[in-house]
Amino acid sequence: MKNLPTHHDSRIATVLDEHVIEIVSDSGEGAQRCGQSLAAIAARMGNGIWTVEIIPAEIQPPARSVAGASGNRVRIGARRIESGGDEADLVVAFNEQVLLGRVRAGELKHGARILLEGMWREHPDPRIAASYAAAVDELAAAGYRVIEIPMERECRTLVGDPRKGKNMFALGILCNIYSLDLQLARDQIALIFRKKAASVIESNVTLVEAGHAWAETHLDFKFRIPAERVTTPQIVVNGNTAAALGVLASGMEICAMYPITPATSASHYLSEVFEKVGGIVHQAEDELAACAFAIGASYAGKCAITITSGPGYSLKQEALGLAVMAEIPLVVLNVQRGGPSTGQPTKTEQGDLLATVFGSHGDAPKVVMATSTIEDCFYAIITARKIAETFNMVVVVLSDANLATAQQPFARPQFSETWLAPPVDQSPIPPGAKPYDWDPVTGIARRFIPGQPGGMHTITGLAHDRNSRVAYDPVINAEGLRHRSLKLAALQRTLVPPTVHGGDTGDLLVIGWGSTKGVIEEAVDRLRGEGLAVSSMHLRFLQPMAGGIKEIMARFPRVMTIEQNWSDTLEDGVIDDSNRRYSALAMMLRARYLVDVDCWSEVRGQPLKPGRLCEVIRGRLPGRQQKEVAS
Amino acid sequence: MTTSLTDCVLALYEEHHELEEYQSGMPRWCNGCGDNAILTAVQRLCRDAELRPEKTVFVSGIGCSSRFPHYMKTYGFHSIHGRALPIAEGVKLARPDLHVFVNTGDGDCCSIGAAHWIHAIRYNMNMTVILHDNQIYGLTKKQASPTSPLGTRSNTTPRGSYLEALNPLTVTLGVQNVSFVAQVVDWIPDLVFDVLSAAYRHQGFSFVRVIQRCPEFQPGLHEIAMREPNRVQVLTHPRGLQLDPSLERVYKNRLEHDPSDLSRARDIASSTDAIPVGILYWNPEVPRYEQIRAPSQLRTPDKIRAGLEAELDKYTIWPDGPTATT
């Protein structure tokens, strides 16, 4: 075998601050499990971690194809990690085609180490062998350090189907390279395969140990990323699991959903655990029915959640308008993906903000929140349920494909009974009380729930008066619209102004929302390290927006948003100030605050990289801009 | 608030309500509209079945028929076009203690909400579903509906409708888990009441198609059937409908039909000779979704806490090392 390193007796581990590792394979070869396990083991060591899934759009894309890369990117750091980071430092690939897919997508750092399954070199099909050899030569010539490993051959000595065990062999290699505790790896395997027979755990442990031993014997490098054991219990889950745990903790009883990528895994997990606490996941016949079903349950006194993604959200819009009009509390989780239409189902985007804020015909005020971390996915659902029931409103929680599958440890939640929904009110309604007795200041009316004696009335999606009687009277119609709108203002008064990351004043303020919080703040920290006066602010509530935002913006001469949705750039000749379309949040901030908010956005479907954001932000700073013009 | 035992006992006996206690407002349907007959029968049913108004919910979609809940002094939900069934399902799953009725029209149920109709039959939740079938769109002013007879002249089919009418009975009887299917005509009020009462008593998804007149947009459509009682075939059976002697004298076209016979029910539903009236199919054994899905656990804060902690345990990294993870 070419390029196989010689044996080194004692390897001294190079201490690193952080590394980005990718494991890619064809679908079904277990690279995702390998990556997730690596992250979990590192987290158990006390490292900061962030994982990003690499998902092909098809369930079974053709084997050995550049578009078929499936796997995981794991960023391991000595400190807490807030994003997926920059290009990969080290890649494990099970064939050269999926690897080329990642190389061509620009996901590898120059000179990155590549651990490549070497069996293709001797493949009976000469075309495969040739394509492999050509790829290795091309990568070596491009400066990558390619290490060919006979993974399958090594595994064959241990298990019947090496294709099924390779991922654990690779995990063993990585544990060795990164000086991870082998016992933690064994514990992690026991956890993943806890539902399988003991023999399954045993054979996987054997594979990990074999990979570890192979690396010890054959590799000439080793790393150590310092870790500190956690001092408080930490949870390691992805955003969708965190959101599902949030549903559990919020006291909601009913989740109505229809399968849609990338939201479904939240419902999968909930389906497994919800019944243990008396909850029900209802898979409806379609998205419209899922939303209507949840509205029915909420109307009957049990605030429900419906979980979906972009196309499903579009289908729910009419029913959401009904919930707004009839003032029925409802929680909607929209795990955003690329759009419009079917778009990019497995890729991340922040394209649904305006549809969420302004969606449904007519004036349909809803509360819109965005989750910015994995931890936030948990707490946002609890908060959303509370707001929904306090204000009898629809609360939409926007997550995205990035958070859905990313993992990051967070402090184990301390359960509080105050998170739970109160029991269904069945007390008699006092005589004279009206079902829409809107408070003149807050717009809030006490909701009558079926079963409450004396509260009988018919709710309707038609314009209605305080008695819920259909009203075509222009004054009454305006009254209803006014009170439903007031609720947003009343909620806004309770919101805490956002905080500024970095300095309170400076040359440029970057504003973000949703899953980009970590990456934006990391870029800001790097730039501040270079002495640049950059700060950032992240919005949790997009509707209503908290007070104080305008005042914060006023402290910076330049304000821009960084988003993952479409915005025109002036680089296109036909675009100028009169026709440029801004990113969603930029548009909202410009409209609300009359501030000249600029924007930069990207719609590549991949999580943003801090290094790229640093370049972008530098280009927007004074002096730099002039330099660009001059050059 | 505490309630004394005496109050409870009193409450048990205070369940009877008069007709007026189920009535709300003056219906704004046209003169001669079949909806009025259904409303009268339903109010009678509520009284006779002693339904507590606060425990009764009428859910409707959009259309003339869907204004129904506004005329009941119960809880009501006048929703959006086509979605009455999934809303009613959500109500029933959340609150099995409520009596749930659905009022839906031929456009609402058989057109815009048709997907929900099929699946509602599968769920077989305990609710009484009344299909107010006037074979035309009324509220939007005369457009052909899926159940309009071929050749119906309407504002969207000025030269006559193009397609054969959809038969709601055969569709319903063709779906797995069907448990109760009946049909009546609005011009025999006693039968409307009898059939709706049987539907209400059935524990499951009771589907009643009411063929009703729309004097405004389908005038004369049922005139011959009304004039010639033999055009109506009454299905009778000891386990089904038993005709009152006064009606027996008028409706001589009768058919003994065992409502447990699904295959025969399908034949009857497909027949175009006469309008079958009565219970076509009844199977009390079909499992109900709300029973299948009923939580086995009583929901208490302690239970939720325990369930959540157990899940969190699976994903926790403990400060004192991994061995604490179970």
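A:Trp419 is buried, with a relative accessible area of 12%, whereas A:Tyr379 is partly exposed at 26%; here buried means under 20% relative accessible area, exposed over 50% and partly exposed in between, with a 1.4 Å probe and protein chains only. The model is predicted, so that local features need pLDDT of at least 70 and side-chain atom pairs count only at pLDDT 80 or more, while totals for chains, interfaces and linings use all residues. Residues are numbered from 1 along each chain as its sequence is written, chains are lettered from A and ligands numbered from 1 in the order in which they are written, and side-chain values use heavy atoms, with hydrogens and water left out.

**Aromatic rings**

Rings of Phe, Tyr and Trp (its six-membered ring) are taken as a pair if their centres lie within 6.5 Å, with planes under 30 degrees apart counted as stacked, over 60 as edge-to-face and the rest as tilted. By this rule there are 16 aromatic pairs over all chains. In one of them, the ring centres of A:Phe221 and A:Phe223 are 5.6 Å apart and the planes stand at 40°, so the pair is tilted; both A:Phe221 and A:Phe223 are buried. The rings of A:Tyr379 and A:Trp419 have their centres 6.0 Å apart and their planes at 80°, so this pair is edge-to-face. The pair links distant parts of the chain, 40 residues apart, with A:Tyr379 in helix 13 (residues 374–391) of chain A and A:Trp419 in the loop between strand 16 (407–411) and strand 17 (458–460) of chain A. Helices (H or I, at least four residues) and strands (E, at least two) are DSSP runs, numbered from the N terminus.

In chain B, ring pairs link B:Trp29, B:Phe58, B:Phe68, B:Tyr71, B:Phe101 and B:Tyr200 into a cluster. Charges over rings are also found, the criterion being that NZ of Lys or CZ of Arg is within 6 Å of the ring centre and within 35 degrees of the ring normal. A:Arg590 lies over the face of A:Tyr582, at 4.0 Å from the ring centre, and B:Arg44 lies over the face of B:Phe193, at 3.7 Å from the ring centre.

**A helix pair in chain A**

Two packed helices are described by the angle between their axes and the distance between the axes. Helix 1 (residues 31–45) and helix 6 (residues 182–192) of chain A pack at an angle of about 125°, with their axes 9 Å apart, where axes are lines fitted to C-alpha atoms, for helices over the stretch in contact, and angles run from 0 to 180 degrees between N-to-C directions. That makes helix 1 of chain A oblique to helix 6 of chain A, since angles under 35 degrees count as roughly parallel, over 145 as roughly antiparallel, 65 to 115 as roughly perpendicular and the rest as oblique. Residues of helix 1 of chain A, including A:Arg33, A:Ser37 and A:Ile41, meet residues of helix 6 of chain A, among them A:Leu184, A:Gln188 and A:Leu191; contact means heavy atoms within 4.5 Å.

**Buried residues and their contacts**

A:Gln407 lies in strand 16 of chain A and is buried, with a relative accessible area of 13%. Leaving aside neighbours within four places in sequence, A:Gln407 is in contact with residues including A:Gln36, A:Trp50, A:Val237 and A:Ile374. A:Met369, in strand 14 (residues 367–370) of chain A, counts as buried at 0% relative accessibility. The C-alpha atoms of A:Met369 and A:Met545 are 9.5 Å apart in space, although the two residues are 176 residues apart in sequence. A:Thr561 in strand 22 (residues 558–563) of chain A is buried, with a relative accessible area of 0%, and among the residues that A:Thr561 touches, not counting those up to four places away in sequence, are A:Ile511, A:Leu585, A:Cys599 and A:Trp600.

**Backbone geometry**

Most residues other than glycine have a negative phi, and most peptide bonds are trans.

| Residue or bond | Backbone value |
|---|---|
| A:Thr261 to A:Pro262 | cis, omega about 0° |
| A:Gly339 to A:Pro340 | cis, omega near 0° |
| A:Ser360 | positive phi, near 75° |

A:Pro262 is placed in the loop between strand 10 (254–257) and helix 9 (264–273) of chain A, and A:Pro340 in the loop between strand 13 (330–336) and helix 12 (353–358) of chain A. A:Ser360, in the loop between helix 12 and strand 14 of chain A, is buried with a relative accessible area of 13%. A:Ser468, in the loop between strand 17 and helix 15 (474–492) of chain A, counts as buried at 3% relative accessibility.
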